[in-house]
Amino acid sequence: MERNLKKISISGIISQLVLIAGAAVVIVPLLWTFFTSLKTPAEVFKDNFFPTTWLWSNYADAVRAIPFFTFLLNTLIILLPVLIGTVFSAALCAYGFARFRFKGKKALFLVLLATMMLPSQVTLIPMFIMFKEAGWVDTFLPLIVPSFFGGGAFNIFLIRQFMRAIPRDLDESAFVDGANRMQIFLRIILPLSMAPLIAVAIFTFMGVWNDFQGPLIYLNSTEKYTLALGLSMFKGLYNVEWNMLMAATILIMLPALIVFFIAQKYFIEGISISSAIKG
């Protein structure tokens, strides 16, 4: 009995140390970013981890140094329709795979899963050529419109796994009451699938909010830049204003952190329940 307790305590201590080490890997760079945002330019690369003079004015200077609120508005203009399009279209596709029976469904679903293995760089050039021919370069359309066509293979898979666990008796009862497929989807399946939908919404929010590659490729005009792309304006030809860059980074990071901590219960629930259901 004592040996078992010792083994449990030793394994518990080791697991705690591993978790602490993993947390430090994440937290230390974040703390460095925060403290650097409060330093003077001359103090950034000195040995001291903490600033000797706490310059909170760096945050106001960072906002004034670039068109911060214009970039924020551009980001929101892209974010909101992408959020709606991704969640709704992914849920609609997942509903088809989870509740409908049709020939070739398994093969089609395997093809869908296979697209997850393709790096985004593979389709980058063909998509750019397609959007250029359509005259969409230097507009928000290439960043918004694709979200309404499926919502992404992973999102479809995540929601589909959850929907498969919803009893089909609910569908049959709704059919008896005169509901059609779309009414069942909107009034029964969607309300019951809030956990994975919120998880997908958080994934989408994080992806769009932090997206640098997409805006960099499709947006040429400075007044159309997003926040992530606007950070590059702190990098000059010969120097980088690291303290203001870090201040702007902290400001841009805050909304994503707030959204995650508010919705983390639903995020974890959506991921855990969907992954616990066998395909």
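Predicted model: local features only at pLDDT ≥ 70, side-chain atom pairs only at ≥ 80, totals over all residues.
Me: How many aromatic pairs does the structure hold?
Reply: The structure holds 22 aromatic pairs.

Me: Why is the pair of F35 and W54 called edge-to-face?
Reply: The ring centres of F35 and W54 are 5.9 Å apart, and a pair requires centres within 6.5 Å. Their planes stand at 90°, and an angle over 60 degrees counts as edge-to-face. The pair is therefore edge-to-face.

Me: Which parts of the chain does this pair link?
Reply: F35 belongs to helix α1 (residues 2-36), whereas W54 lies in the loop between α1 and α2 (57-65). The two residues are 19 residues apart, and the pair links distant parts of the chain.

Me: What makes F35 buried or exposed?
Reply: F35 has a relative accessibility of 10%. Buried means under 20%, so F35 counts as buried.

Me: How do you know the class of W54?
Reply: The relative accessible area of W54 is 40%.

Me: Which residues form one aromatic cluster with F35 and W54?
Reply: The cluster is formed by F34, F35, F49, F50, W54, W56 and Y59.

Me: Why is the pair of F260 and F261 called edge-to-face?
Reply: The ring centres of F260 and F261 are 5.8 Å apart and their planes are at 70°. The cut-offs are within 6.5 Å for a pair and over 60 degrees for edge-to-face, so this pair is edge-to-face.

Me: What makes F261 exposed?
Reply: F261 has a relative accessible area of 52%. Exposed means over 50%, so F261 is exposed. F260, at 26%, is partly exposed.

Me: How do you know where the charged end of R160 sits?
Reply: The charged end of R160 sits over the ring of F109, 4.1 Å from its centre, and the distance cut-off is within 6 Å. The charged end of R181 likewise sits over the ring of F100, 4.5 Å from its centre.

Me: Which residues have the most contacts inside the largest nonpolar core?
Reply: They are I78, W209 and F234, in a core of 32 residues. The largest share of this core, 8 residues, comes from α13.

Me: Which residues is I78 in contact with, leaving aside its neighbours within four places in sequence?
Reply: I78 is in contact with F140, L143, I144, V208 and T226.

Conventions: Residues numbered from 1 in each chain as written. Heavy atoms only, no water. Phe/Tyr/Trp six-rings, centres within 6.5 Å; stacked < 30°, edge-to-face > 60°. Helix = DSSP H or I, 4+ residues; strand = E, 2+ residues; numbered from the N terminus. Buried < 20%, exposed > 50% of the residue type's maximum accessible area, 1.4 Å probe, protein only. Lys NZ or Arg CZ within 6 Å of the ring centre and 35° of its normal. Core = buried A, V, L, I, M, F, W, Y, C linked by side-chain atoms within 4.5 Å. Contact = heavy atoms within 4.5 Å.
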